[in-house]
Amino acid sequence: MRYLVLALALVASPALAQVEIEKPWARATAPGAKVAAGYMVIRNKAASAERLVGVASAAAARVETHVTVRDGDIMRMREVKGYDIPAGGSFELKPGGPHLMFVDIKQPFREGDRIPVTLEFEKAGEVRVDFPVARLTGQRHGH
């Protein structure tokens, strides 16, 4: 019974109650690569807008928030200061769109690895998530 109470206490923490991370995954890297990409869906259950303001991981020197913008016929990545998640809405990071960029990774991301990530939200605070690593080619399993 004590474990059930503890589990419920963990589930009911304010950050987890307001922000949920769904389908986190990172792409496996080629040998020698210095950067890797990460994706997820952020759900904001709060009645007010939320903002992802920072990301960190022990697996990389830093983690940047990027968007992909069209510049004529060329798609370019651009770093942004964070992502806005609407009240009661969601924000999706996906290939070809907004994504996390793991910079100066400490070792290659291999399929089956789990990459620890700490997301910093303006209101909800820190949320820790493990990003499973999927194959270099193609989408995450089951997509």
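Val35 counts as partly exposed because its relative accessibility is 41% (buried is under 20% relative accessible area, exposed over 50%, partly exposed in between, with a 1.4 Å probe and protein chains only). The model is predicted: local features need pLDDT of at least 70, side-chain atom pairs count only at pLDDT 80 or more, and totals for chains, interfaces and linings use all residues. Residues are numbered from 1 along each chain as its sequence is written, and side-chain values use heavy atoms, with hydrogens and water left out.

**Exercise 1.** Describe the salt bridge of Glu22 with Arg43.

Step 1. A salt bridge needs a side-chain nitrogen of Lys or Arg within 4 Å of a carboxyl oxygen of Asp or Glu; here the closest N and O atoms are 2.9 Å apart.
Step 2. Glu22 is in strand 1 (residues 19-27) and Arg43 in strand 2, so the pair ties together parts 21 residues apart in sequence.
Step 3. Glu22 is partly exposed at 25%, and Arg43 is partly exposed at 33%.

**Exercise 2.** Which residue forms a salt bridge with Asp130?

Step 1. Arg114 does, with the closest N and O atoms 3.9 Å apart.
Step 2. Asp130 lies in strand 10 (residues 125-134) and Arg114 in strand 9 (residues 114-121), 16 residues apart.
Step 3. Asp130 is partly exposed at 38%, whereas Arg114 is exposed at 53%.

Technical notes: Helices (H or I, at least four residues) and strands (E, at least two) are DSSP runs, numbered from the N terminus.
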